[in-house]
Amino acid sequence: MTDCLHVIVTAGPTREHIDPVRYLSNESSGAMGFAIARALLAAGHRVTLIAGPVSQETPEGAARIDVISALDMLAALEDHFSEADAIFMAAAVGDFRPATRLEGKWKKEEGGAAAVLELVENPDLLATIARDKGPRKVIAFALETSDGEARAGAKLVRKNADYIVLNDASALNAARSSVTVLNADGVVWRLEDVSKDETAARLVELVGR
Ligand code: CTP
């Protein structure tokens, strides 16, 4: 019988607004994070699910916090991380946000002049909260198109994570994918051509290690 742990799962994309009706975002569906939340609940753990804008059904028993932007997600993490035992940081956090959010709609210039959007970098949410993680288990995610294991290993160190779950680009919105889990010593295990639910069931074991 596993101990009941309190686990935070972040899922989905963030939206970085340009004006009231336009934003920058990404293709994340939230499927991986929601599958992990379901698998954690099935294993008897308590789940706080911090979700960007997604159309996913809330798993029964999860405490869900909906957020929009990376800064909103950071605020939710700062509120809840200290009371958690572990975190799966599956959200696809936007790296940049517009330097200013316009109050009214962005209007075209007369004469078809090119428009320039100034972006500023978002904080690294995981690195920020994991800096003082204490005994909490931190599981990061990475999606890489080349040099996957080397890049993921470097991210694990930079973000002070215990594990990093490496997907290749074919995993985006795909039903099946191959997944590699690394820790500071290298590859821990690899699953080939598995569903997100199968991956999630294996990932849950990481919080107990
Ligand atoms: N992440 C985060 N905050 C960010 C960006 C990423 O917490 N601003 C987290 C993601 O949720 C994921 C991990 O960091 O768990 C790796 O995400 P990724 O986008 O691959 O990392 P980046 O540091 O943004 O690397 P890259 O330069 O390759 O985009």
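Author: What follows treats the ligand site and then a salt bridge. This is a predicted model, where local features need pLDDT of at least 70, side-chain atom pairs count only at pLDDT 80 or more, and totals for chains, interfaces and linings use all residues. Residues are numbered from 1 along each chain as its sequence is written, and side-chain values use heavy atoms, with hydrogens and water left out.

Reader: Which residues are the closest to the ligand?

Author: A residue is near a molecule if one of its heavy atoms lies within 4 Å of it. Here 13 residues surround the ligand, and the closest are Met-89, Ala-91, Leu-126, Phe-141 and Lys-155.

Reader: Which atom of Lys-155 lies 2.6 Å from an oxygen atom of the ligand?

Author: A polar contact is a pair of N or O atoms within 3.5 Å. For Lys-155, the atom is an N or O in the side chain. Met-89 instead places a backbone N or O atom 2.7 Å from a ligand oxygen, and a polar backbone atom of Phe-141 is 3.0 Å from a ligand oxygen.

Reader: How many salt bridges does the structure hold?

Author: A salt bridge is a side-chain nitrogen of Lys or Arg within 4 Å of a carboxyl oxygen of Asp or Glu. The structure holds 10. One of them joins Asp-124 to Lys-159, with the closest N and O atoms 2.6 Å apart. This pair links distant parts of the chain, 35 residues apart.

Conventions:
Polar contact = N/O pair within 3.5 Å; in protein donor to acceptor, adjacent residues only side chain to side chain. Helix = DSSP H or I, 4+ residues; strand = E, 2+ residues; numbered from the N terminus.
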